[in-house]
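Please keep the sequence and the coordinates at hand while reading.

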Amino acid sequence: MKYFVLSAILAAAPVALAQQPVWAQCGGIGWSGGTTCVSGATCSKQNDYYSQCIPGAAPPASSSSSTASVPSGPTTTVGTPTSTSSSTTTGPTSAAGNPYADGYTLWLTPFYASEVTAAAAAITDSATKAKALKVAQIPTFTWFDVIAKVDTLKTYLAAAAAAGGKQLVQIVVYDLPDRDCAAAASNGEFTYANNGAANYKSYIDGIAAAIKAFPTVRVVAVYEPDSLANLVTNMNVAKCSNAASAYKASAIYALQTLNLPNVFLYLDAGHAGWLGWPANLQPAATLFGQIFASAGKPAAVRGLATNVANYNALSAPSADTKITQGNPNYDELHYINALAPMLTSAGFPAHFIVDQGRSGVQGIRDQWGDWCNVKGAGFGTRPTTSTGSSLIDAIVWVKPGGECDGTSNTSAARYDFHCGLSDAFQPAPEAGTWFQAYFEQLVRNASPSL
Ligand code: BGC
């Protein structure tokens, strides 16, 4: 039913920039687009970086304890819901099982829907535009990449709670000090040298407080993409080795603090072309096992997330030998099947979620380690619990397709050479910002087709 609501909104979206459509951005630091909303919507500040056209009147500025003032975003379900008749929502119970398998609805973040809606409005070819609009209905994780966005999490959880039923909100915890220690494109706001450990605790505490305030909403969280994987393979990089013990302490603090009854955590575990090399598997399993044990084996820790923001297939018909170069774990399924028994031996019987958001097209990379806005990529398998593996809870979309991996501007502070390689789509804006041409490529190359 909500689909129809969304379609109506999208159909009504104006082509001109003068007034922003419902859910679109209408302000924030760095925003140069329209700042007024179509009739029936109000431009409401979400955080310093983002104001949005919310249907109806603006929510009260200080509404952190309100569960009803913010309208919900459009929603969709994933997989094969097992229960449709239960109308009493008693809230999530424990992390014992697959969080995706018991009939929860994946809440659609209005932020990504607004990005996609605005992007579709800028596409002139009607067939491509229609396909692009479908992306707004596909559940994708929301990245909390700066502490200022934690207030937005409250807004989202309030909206999900107000929507009623069994709602599941997908988030990425991504503000570790000295973040992205082996690369440059996604360096974050905190450093350990400048009060980072304490700042990070505040960030984690804020997320935990928001989640506690809405105990009926289930939260699936991917924990800190690339962080622990960097400690497995990039200890030769000074920024990584210097931060290693602090990364571990921060991770343990986060896992303990987010160990809440309605939370399911998946630690980021790189991908087949990173930790899936035979020599890296055991060190990875040992590290993840240590972190899990040191945190006291929190019930909320369900397992690991793989292929986040990457391009590997879950199950490739054959190896892309140009890049996999003899690694028998040439796709995510092989990687997971190889890693899981080692994790179990290390005391961490992990389950997995696998990002397939941008994995629709294979055979497009010159090197397996190329990760930045890879040319030719397409949207991939839709989120589903039909994974073909009892180890894998769900196929998910973690990287919001259309948000950039890193700038190609060689003079930018966060320029990483990977974003200037010949298999990287250029010119590209800063990491995390909207990359219209890349989004259109993902739409055109989607497999399955949109
Ligand atoms: C960026 C983040 C962004 C995330 C999702 C990362 O590469 O550094 O700022 O939130 O991608 O698009």
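Where in the chain does Asp405 lie? Asp405 is placed in the loop between strand 14 (392–396) and helix 11 (436–444), and this placement, like everything that follows, refers to a predicted model.

## Overall make-up

The secondary structure of the chain comes to 11 helices and 14 strands. Of the 450 residues in the chain, 56% are buried. Among contacts between residues at least 6 apart in sequence, 74% join residues that are at least 24 apart.

## Positions annotated as active site

An unreviewed UniProt entry places the feature "active site" at Asp180, Asp226 and Asp405. These positions are spread over 226 residues of sequence, and yet they cluster in space, with a largest C-alpha distance of 13.2 Å.

Asp405 has a relative accessibility of 7% and therefore counts as buried. Setting aside residues up to four places away in sequence, Asp405 touches Ala185, Ser186, Tyr311, Arg358, Trp371, Cys372, Asn373, Lys399 and Ala431. Asp180, for its part, is located in the loop between strand 9 and helix 5, and with a relative accessible area of 9% Asp180 is buried.

## Positions annotated as binding site

The feature "binding site" is placed by UniProt, again in an unreviewed entry, at Trp143, Asp145, His271, Trp274, Asn310, Trp371, Lys399 and Glu403.

His271 lies in the loop between strand 11 (263–268) and helix 8 (278–294), and counts as buried at 8% relative accessibility. Beyond the residues up to four places away in sequence, His271 touches Gly276, Asn307, Asn310, Asn312, Glu332, Tyr335 and Trp368. Asn310, which is one of these partners, has its place in the loop between strand 12 (301–306) and helix 9 (321–324), where a relative accessible area of 5% makes Asn310 buried.

Phe190 is found in the loop between strand 9 and helix 5, and at 8% relative accessibility Phe190 counts as buried. The C-alpha atoms of Phe190 and Tyr200 are separated by 7.6 Å, while the two residues are 10 residues apart along the chain. Once neighbours within four places in sequence are left aside, the contacts of Phe190 are Ile147, Asp175, Leu176, Pro177, Asp178, Gly196, Asn199, Tyr200 and Tyr203.

## Helix packing

Two packed helices are described by the angle between their axes and the distance between the axes. For helix 5 (residues 196–213) and helix 7 (residues 238–257), the axes come within 10 Å and cross at roughly 15°, and the two helices are therefore roughly parallel to each other. Helix 5 passes helix 7 in a right-handed crossing. On the side of helix 5 the contact is made by Tyr200, Lys201, Ile204, Asp205 and Ala208, and on the side of helix 7 by Ser250, Tyr253, Ala254 and Thr257. By class, the residues of this contact divide into 5 nonpolar, 2 polar and 2 charged.

For helix 2 (residues 110–121) and helix 3 (residues 126–135), the axes come within 8 Å and cross at roughly 175°, which makes helix 2 roughly antiparallel to helix 3. Tyr112, Val116, Ala120 and Ala121 of helix 2 make the contact with Lys129, Ala132, Leu133 and Val135 of helix 3, and these residues comprise 7 nonpolar, no polar and 1 charged.

Leu157 has its place in helix 4 (residues 150–163), and is buried, with a relative accessible area of 0%. Leu157 and Ala210 are 53 residues apart in sequence, and their C-alpha atoms are 7.6 Å apart in space. Not counting residues up to four places away in sequence, Leu157 touches Val169, Ala210, Ile211, Phe214, Val217 and Val219.

Key: Residues are numbered from 1 along each chain as its sequence is written. This is a predicted model: local features need pLDDT of at least 70, side-chain atom pairs count only at pLDDT 80 or more; totals for chains, interfaces and linings use all residues. Side-chain values use heavy atoms; hydrogens and water are left out. Axes are lines fitted to C-alpha atoms, for helices over the stretch in contact, and angles run from 0 to 180 degrees between N-to-C directions. Helices (H or I, at least four residues) and strands (E, at least two) are DSSP runs, numbered from the N terminus. Angles under 35 degrees count as roughly parallel, over 145 as roughly antiparallel, 65 to 115 as roughly perpendicular and the rest as oblique. A crossing is left-handed if the near helix is turned anticlockwise from the far one by less than a right angle, and right-handed if clockwise. Contact means heavy atoms within 4.5 Å. Ala, Val, Leu, Ile, Met, Phe, Trp, Tyr, Cys and Pro count as nonpolar, Asp, Glu, Lys and Arg as charged, and the others, Gly among them, as polar. UniProt positions are given in the numbering used here, feature names are shortened, and annotations may be inferred rather than shown by experiment. Buried means under 20% relative accessible area, exposed over 50%, partly exposed in between (1.4 Å probe, protein chains only).
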